[in-house]
Amino acid sequence: MLASLALVALGTLLVWSATAPRDSLTGGDPTAYLKKQLVNVAIGVVLMVLVMATDHRWVRIVAPLVYVASVVGLVLVLVMGSTINGSRSWLMLGGMSIQPSEFAKLAVVIGMALLVAERSEGSWRRQVGTGDVVGMLAIAGLPAVLILLQPDLGTMLVLTATVFGVLATSGAPRRWLGGLGLAGIVAAAVAVSAGVLKDYQVDRFMAFTNPALDPRGAGYNVEQARIAVGNGGVFGQGLFHGSQTRAGFVPEQHTDFIFTVAGEELGLVGAGILIGLLAIVIWRALVIATRAQDMFGRVAAAGIACWFGFQAFQNIGMCLGIMPVTGVPLPFVSYGGSSMFAGMLALGLLQNIHLRSAATLPTRFTNASPRILVPR
């Protein structure tokens, strides 16, 4: 929790620094995005506390409703959503924009965890079989198709890595994991050769392989991001004093490219601390997964760790030029309500699983003898 709160606080400062000099964004109010982000954080904390305080049985009961709501949101995006940066991913609700695909990540994790838990708990069969894997893939498949239709390639990559992680931690047979990995490679090759990807998506991949190919077009973001990070040196130019940041050379710097603000203004040391905080959150999620006393908690916690881990790697990687540019936010750091709300809900679920595991008897006592333990 301390690492998460530190990330949120640091992210809020970086968002403020990235937006304060941009009158075109703020309308002349340097604190406009600071106020908006503080509101997002406050709402996210309330959601986190609600999930933490909810009885774990209710969490499992509500899980299908969360999944259905996320699917409905993805359908509404295709019907009446707004297109931003080539992706139809946003629902405009009054003065607020919602990105349902952010909530779909959490919905897929808890949906898959609930399925494998319901099929394995309370029975002598502990192995995850073919039917379980097919069911989990079906749960992930529907949101994945809807996300591809937007199209939102960045979210799709994160969702794919998360699903693979959930399958691996749930005990899926290795032949399934190997087959899915091979199928993913084949599908990617077919998508590129068949022209399924949009032109701007192909341009981004080409710019990733060679940023100098189109420095004023598709390669502009990558080139400017690397310049900003390089300007920071070891200790940075100081918060609110980054030259690239204040000049506005890096597009979407308060959202997808927020890490460039940390690199330029806080330097290698500050950016390293940010990465270290993210690593602590992911490590703790994995520890909670290993200590969980039930299948649902173990799979859900591990899935959240995979989600946070790959999304952070993808976001930071594209800022450093080692990953292609895709529109994914940095968890707990980037500006945005949907990303903040989904991340805080996931944190609440992690704490819920942790508190429940801590309240149960150690495994060595519950498994010490074959007697039946009757609940109070």
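Visitor: Which residues are linked in a network of salt bridges?

Guide: Please note that this model is predicted. A salt bridge is counted when a side-chain nitrogen of Lys or Arg lies within 4 Å of a carboxyl oxygen of Asp or Glu. Here the network links Arg60, Glu118, Asp294 and Arg356. Within it, arginine 356 pairs with aspartate 294, their closest N and O atoms being 3.0 Å apart. Arginine 356 belongs to helix H14 and aspartate 294 to the loop between helix H12 and helix H13, so the pair ties together parts that are 62 residues apart in sequence.

Visitor: Are arginine 356 and aspartate 294 buried or exposed?

Guide: Buried means under 20% relative accessible area. Both arginine 356 and aspartate 294 are buried.

Visitor: How many salt bridges does a search of the whole structure find?

Guide: The search finds five. One of the pairs is glutamate 102 with lysine 105, at 3.2 Å from N to O. These two residues stand three residues apart in helix H5, which means a separation of about one helical turn. Glutamate 102 and lysine 105 are both buried. Aspartate 29 also forms a salt bridge, with lysine 35, at 3.4 Å. Aspartate 29 is partly exposed at 28% relative accessibility, and lysine 35 is partly exposed at 47%.

Visitor: Which residues form a nonpolar patch on the surface?

Guide: The patch consists of Val68, Val72, Val75, Leu76, Val79 and Met80, with about 510 Å² of accessible area together. Valine 75 lies in helix H4, residues 56–80. Its relative accessible area is 37%, so valine 75 counts as partly exposed.

Terms used:
Residues numbered from 1 in each chain as written. Predicted model: local features only at pLDDT ≥ 70, side-chain atom pairs only at ≥ 80, totals over all residues. Heavy atoms only, no water. Patch = residues over 30% accessible without salt bridge, like charges linked within 9 Å, V, L, I, M, F, W, Y side chains within 5 Å. Areas by Shrake-Rupley, 256 points an atom, 1.4 Å probe, with all protein chains shown as cover. Helix = DSSP H or I, 4+ residues; strand = E, 2+ residues; numbered from the N terminus. Buried < 20%, exposed > 50% of the residue type's maximum accessible area, 1.4 Å probe, protein only.
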